[in-house]
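Please have the sequence and the 3D view open as you read.

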Amino acid sequence: MKKILLKMLICPACLPDERRLNSNIVQEQEGDIFTGTLTCPECGKIYPIQDGTAFLDPSPLNETEKTGAKYETVPVLSSYLWSHYNDILNDSDRCAYGVWAALMGKYPGFAVDAGCAVGRFTFEMSRKSEFVIGVDKSVSFIQAARELMINRRINVALQQEGFLTTEETIYLSETWNSNKVEFIVGDAQALPFRSGTFSTLASLNVIDKVPSPIRHLKEMNRVSREKDAQFLFSDPFSWSTDIADEKDWLGGTDGGPYSGRGMDNIRALFNGKKGGLSPEWRIEKDGHVWWKIRNHANHFELIRSCFVKAAR
Ligand SMILES: C[S@@+](CC[C@H](N)C(=O)[O-])C[C@H]1O[C@@H](n2cnc3c(N)ncnc32)[C@H](O)[C@@H]1O
């Protein structure tokens, strides 16, 4: 973990209190902490840094849970690597992440990509921000993103059919700067950052994947600057009771405070209505991006992810 992060980090388990973490660096190479711990002086929780990866999820999955967790499996990792870097793998369609990135301006300050998966949007933001942090709950995704960050390449076994795979290599574009990027394991509902840290924020296809969507949105708002900030939100609103109780969805129901369509509720929340975000955001642009996921050579999912690009 790059040392620049130390000044931004707080204990995610103590939120809403913001407690700075004490660092104990065991092994360090050129400003990168390879082995060490971050400890909360208040609650005593210890967050390890192992092989350069910082584990700042306050309630990580245990080993048994990890085995069954969708985002930790090899086929899903390979599917997301393809989805994030399909243009580099010579797919004829434009990569959705390039379309999302084009919506963002160059803002001075730091950026956060919550639920970054294997890091494409995080790398894209290295061209537009001073420094970018990708945060994801999946250890496999963060390790793949860090491998790309460090080696600038990763091998991926793309499923062709049944058990048949072909090995491909993804090489990072030279226009993305690894020195301005870091990836950590964390929870998008309890971000380990001080309030007001970021001027650029992204939540892409995450809100329907967390148990408390409103908590995620409010966390993004907390870690954002109160002004001179931009926020890209995008989601297909695939609500599921496997992930969140129906009462916690921000759309897709006909009762409760967030009845109706997800996008209408998101707009209202950005505008500070329905107990939403403060200071309120100004929606600059909205629309949708076609996002493609590859399952195997002859099976792709095409997802309409609806976005708002907001600023304040
Ligand atoms: C549908 S994927 C979208 C990933 C990426 N933003 C993209 O658009 O490709 C959802 C991502 O959210 C991550 N995720 C799920 N729950 C999370 C949580 N509580 N905190 C952080 N990341 C989470 C998953 O590991 C996965 O990478």
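In α2, the buried residues are Leu77, Ser78, Ser79, Tyr80, Leu81, Trp82, Ser83, His84 and Tyr85. Buried means that 20 or more other C-beta atoms, placed from the backbone, lie within 10 Å of a residue's own. That is 9 of the 12 residues of α2, so the helix is mostly covered. Helices (H or I, at least four residues) and strands (E, at least two) are DSSP runs, numbered from the N terminus.

This is a predicted model: local features need pLDDT of at least 70, side-chain atom pairs count only at pLDDT 80 or more, and totals for chains, interfaces and linings use all residues. Residues are numbered from 1 along each chain as its sequence is written.

The buried residues of α2 pack against α3, α4, α5, β7, β8 and β12. Contact means C-beta atoms, placed from the backbone, within 7 Å.

An open sheet of 7 strands runs β9-β6-β5-β10-β11-β13-β12, with mixed pairing. Strands pair if DSSP finds at least two bridges between them. β9 and β12 are the edge strands, each pairing on one side only. Strands β10 and β11 run parallel and are joined by 5 bridges. Ser203 stands opposite Phe233 in β11.

Two helices pack on this sheet. Angles run from 0 to 180 degrees between N-to-C directions, with axes fitted to C-alpha atoms, for helices over the stretch in contact.

| Helix | Residues | Strands touched | Angle |
|---|---|---|---|
| α6 | 213-223 | β5, β10, β11 | about 160° with β10 |
| α7 | 262-270 | β11, β12, β13 | about 25° with β13 |
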